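Me: I would like to learn how to read helix packing and sheet order from a model. Can we work through one example?

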Amino acid sequence: MPSVTIKVAPEGSKDATTESDDQSHSLITFLQSQSQNMLTRLYQKPSACLSIFRLLRPLERQLVMNLLWLDLPIPPSTMAAWVTREGKKPYQDALSTLARLHILPPSTSKHSLNPTFKSSMRQAITGGGASGSFGVLAENDDKHPPSEVDALDAYALERWETILYYMVSSGTGQFPSKPSAGVLYLLERSRLMARVHSGALQITSAGFQFLLHPPHVQLWELLLQYLQMAEERQMDLVEVISFLLMLSTTELGKDYSTENLSPTQKAMLEDLRDYGLIKQRTATSRRFSPTRLATTLTSSSPPLPTSAGSGDGSHAQGFIVLETNYRLYAYTDNPLQIAVLNLFVTLKSRFPNLVIGAITRDSVKKALTNGITADQIISYLVTHAHPQMRKNQPLLPVTVQDQIRLWELEKNRMKSQEGYLYTAFASQADYEYVLKYAKQLDVVLWENASRRCFFGSVEGHANIRGFIERRQTAGNA
């Protein structure tokens, strides 16, 4: 009888597609909130089933494969016998995830995969069928041959870094290229950038945190926001997800036809061009070439060949040296990395492969004004510390860390919050009665029992006002 043994993966060996053995991929979390009918429609696509399977955690994948080729359901007790004592909790978590995805419907008497998922998954593994689920290759065209892989990589890198450059420059025009209006709207909707009083877009705290993530996580963060916008744009969510998952199964360097795409998917082509996921010769071309950003969506392979965020070169090794006198040396010539540093460092000198600057009170206050927190600055410095710095214990000078946090405390000495002041109660009993109700709603920001008054948040005002009016009405009656 087979045994499912759960072991902690060694450091550095975790599957990049699942982010970690304990945390589900962001798309899996999104799909768990969708309806059963929507997921069943999605599971009709073999490419979607295969891509979702690749995003599952290892134990979830193993359970699916154990059940995939069984023609008859099996009792839960039989499956439970496969699991070691230490693996019982991960096993139950895996069953729960598969149940919320409607891949393995919950049952007390038998376990069997969703028939639609099982059929499509079998087809994806064994081949067969003529649905074009994995894309339809375009016919050879001697006049317009497929793009070279190097050209596709350069195109994807240029489009993706245009977005990142614009974010770090906060729309100041420091970088000449500007993303399309659709990309800017997506950045604003995802709260990675926000409009200031002048109307210009500026990077937010969430946006700076976004820059700390690897490209694979960054890409999915934007794509999930794109999925959430699908309904308001009157796009079929199933068609949108299935097209993205289909792209993840395509082959780099091949041209695919647009003829078999649905109207929703054809409308997506323009957006995906802006994100760098596909390349088309013209906007009306009947063929498209997926880039590495698209073909690695559900893969552990890096989505970009070489970039500031790809995990290669100076990014992987670390490039920042920070001294106790707040002087910073960055061994890089990458414009994006330099632009990120410029958000919280006063840059003083620049050489072919070295930038020198200093962390000052004014530079940190400028970053704090833009919504960047002290912990995010410290996290960035730790993440990108030079290998020579990593010999230190602690890694960053404690004096610098403490000073950055103290500068943040200077800014946060006073906190303003909108709300309503409730006062002039007729009696102490009335005051305590209303205050108790407000505390139950968790909307009390400040109270003063001696003056019979308290301050409540804007969100709770309607409920508190209604409660007082009902009490007054009952008293008059």
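Reply: Start with handedness: helix α17 passes helix α19 in a right-handed crossing. Keep in mind that this is a predicted model.

Me: At what angle do the axes of α17 and α19 cross?

Reply: Roughly 55°, and the axes come within 10 Å. Here α17 covers residues 361-369 and α19 covers residues 398-411.

Me: Which residues make the contact?

Reply: From α17, Arg361, Val364, Leu368 and Thr369. From α19, Ile404, Trp407, Glu408, Glu410 and Lys411. By class, the contact has 4 nonpolar, 1 polar and 4 charged residues.

Me: Now the sheet. In what order do the 3 strands lie?

Reply: First the general idea: strands of a sheet pair through backbone hydrogen bonds, either parallel or antiparallel. In this case the order is β10-β12-β11, the sheet is open and the pairing is antiparallel. β10 (419-422) and β11 (444-448) are the edge strands, each pairing on one side only. From one strand to the next, the twist averages 10°.

Me: How many bridges join β10 to β12?

Reply: There are 4, and β12 spans residues 453-457. For a landmark, find Leu421, which stands opposite Phe455 in β12.

Me: Which strands does helix α20 touch, and which does helix α21 touch?

Reply: Helix α20 (residues 428-440) packs on the sheet against β11 and β12, and its direction makes about 155° with that of β11. Helix α21 (residues 461-476) also packs on the sheet, touching β10 and β12. The direction of α21 makes about 25° with that of β10.

Methods:
Residues are numbered from 1 along each chain as its sequence is written. This is a predicted model: local features need pLDDT of at least 70, side-chain atom pairs count only at pLDDT 80 or more; totals for chains, interfaces and linings use all residues. Side-chain values use heavy atoms; hydrogens and water are left out. Axes are lines fitted to C-alpha atoms, for helices over the stretch in contact, and angles run from 0 to 180 degrees between N-to-C directions. Helices (H or I, at least four residues) and strands (E, at least two) are DSSP runs, numbered from the N terminus. A crossing is left-handed if the near helix is turned anticlockwise from the far one by less than a right angle, and right-handed if clockwise. Contact means heavy atoms within 4.5 Å. Ala, Val, Leu, Ile, Met, Phe, Trp, Tyr, Cys and Pro count as nonpolar, Asp, Glu, Lys and Arg as charged, and the others, Gly among them, as polar. Two strands pair if DSSP finds at least two bridges between them.
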